[in-house]
Amino acid sequence: MAARPIQEKTGKLPDFVQLNDLACETTGAKILFATDDWFAVAENLLKRVAPQWKAEDFTNFGKWMDGWETRRKRIPGHDWCVIKLGVPGVIHGFDIDTSYFTGNYVPSVSIAAARLDADEVPDFPSRGEKMGTAASEQEVEAIRKLKSEFWTELVPMTILQPGYVDTCHNYLPAKQLKQWTHIRLNMYPDGGIARLRVYGIGHRDWSAVSQEQSIDLVAMTNGGVSLG
């Protein structure tokens, strides 16, 4: 972390951080769309491991950063991405982790969500190697079909704190405790975020499960949560 006087932490962590991360890469969570991946790709948001700092590392596009980092906006609007949760479920809260993004962290964010059936989600172009690029016309056309600008707001526009060791975790509760399958993360207007944790409880459609089938009731996909 960048050197600076450490502020004394007050209060305790929110209860929702005990729940599962429904958007971790290991659960199958996936970035469907991002407006810009110039300095660092949106897939980094979903990494299970904590963010790293590599002082000597650079890419063809600038300083190597372990997170999602977009270019400064030169046109109206803001950057955003759409994420398919690895495990659909009831979201209780978020951690917007700005670790190591100190001068270039995102000033504000908002988050919206939707519950979508498989037939409502179009086929998206493979994102492949995205660093140094912005969304293509094909990607923009595909994402428009989801009408994500009309999704339910879970977190209103909220100011973030910079990525120092004592301020990097921005814990934000969800406004509505309902089941969701996808989220939209809005940056205002641009910048960097290291990790996104989506804390909640997995929810399964039990109507599709045979009464004769054996079920692991502590599995994350079935709503299991570790409390200690």
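User: A salt bridge is a side-chain nitrogen of Lys or Arg within 4 Å of a carboxyl oxygen of Asp or Glu. With which residue does Arg72 form a salt bridge?

Analyst: This is a predicted model, in which local features need pLDDT of at least 70, side-chain atom pairs count only at pLDDT 80 or more, and totals for chains, interfaces and linings use all residues. Residues are numbered from 1 along each chain as its sequence is written, and side-chain values rest on heavy atoms, with hydrogens and water left out. The closest N and O atoms of Arg72 and its partner are 2.7 Å apart. Arg72 lies in the loop between β5 and β6 and the partner in the loop between β10 (179-188) and β11 (192-193), so the pair ties together parts that are 118 residues apart in sequence, and that partner is Asp190.

User: Is Asp190 buried or exposed?

Analyst: Buried means under 20% relative accessible area, exposed over 50%, and partly exposed in between (1.4 Å probe, protein chains only). Arg72, at 40%, is partly exposed. Asp190 has a relative accessible area of 4%, so the word for Asp190 is buried.

User: How far apart in sequence are the parts that Asp36 and Arg71 tie together?

Analyst: The two residues form a salt bridge, with 2.8 Å between the closest N and O atoms. Asp36 lies in the loop between β2 (30-34) and β3 (58-59), and Arg71 in the loop between β5 (68-69) and β6, so the parts they join are separated in sequence by 35 residues.

User: Which strand holds Leu172?

Analyst: Strands (E, at least two residues) are DSSP runs, numbered from the N terminus. Leu172 is buried, at 9% relative accessible area. Beyond its neighbours within four places in sequence, Leu172 has contacts (heavy atoms within 4.5 Å) that include Phe16, Gly93 and Val155. Leu172 itself belongs to residues 169-173, which form strand β9.

User: How many bridges join β6 and β12?

Analyst: Two strands pair if DSSP finds at least two bridges between them. Strand β1 (residues 20-21) pairs with β12 in the antiparallel sense over two bridges. In β12, Tyr199 is the bridge partner of Gly93. Strand β6 (residues 80-97) also pairs with β12 in the antiparallel sense, and the number of bridges is eight.

User: Why is strand β12 described as largely enclosed by the rest of the structure?

Analyst: Strand β12 covers residues 195-202. It is largely enclosed because, of its eight residues, the number that are buried is seven.

How values were computed:
Helices (H or I, at least four residues) and strands (E, at least two) are DSSP runs, numbered from the N terminus. Contact means heavy atoms within 4.5 Å.
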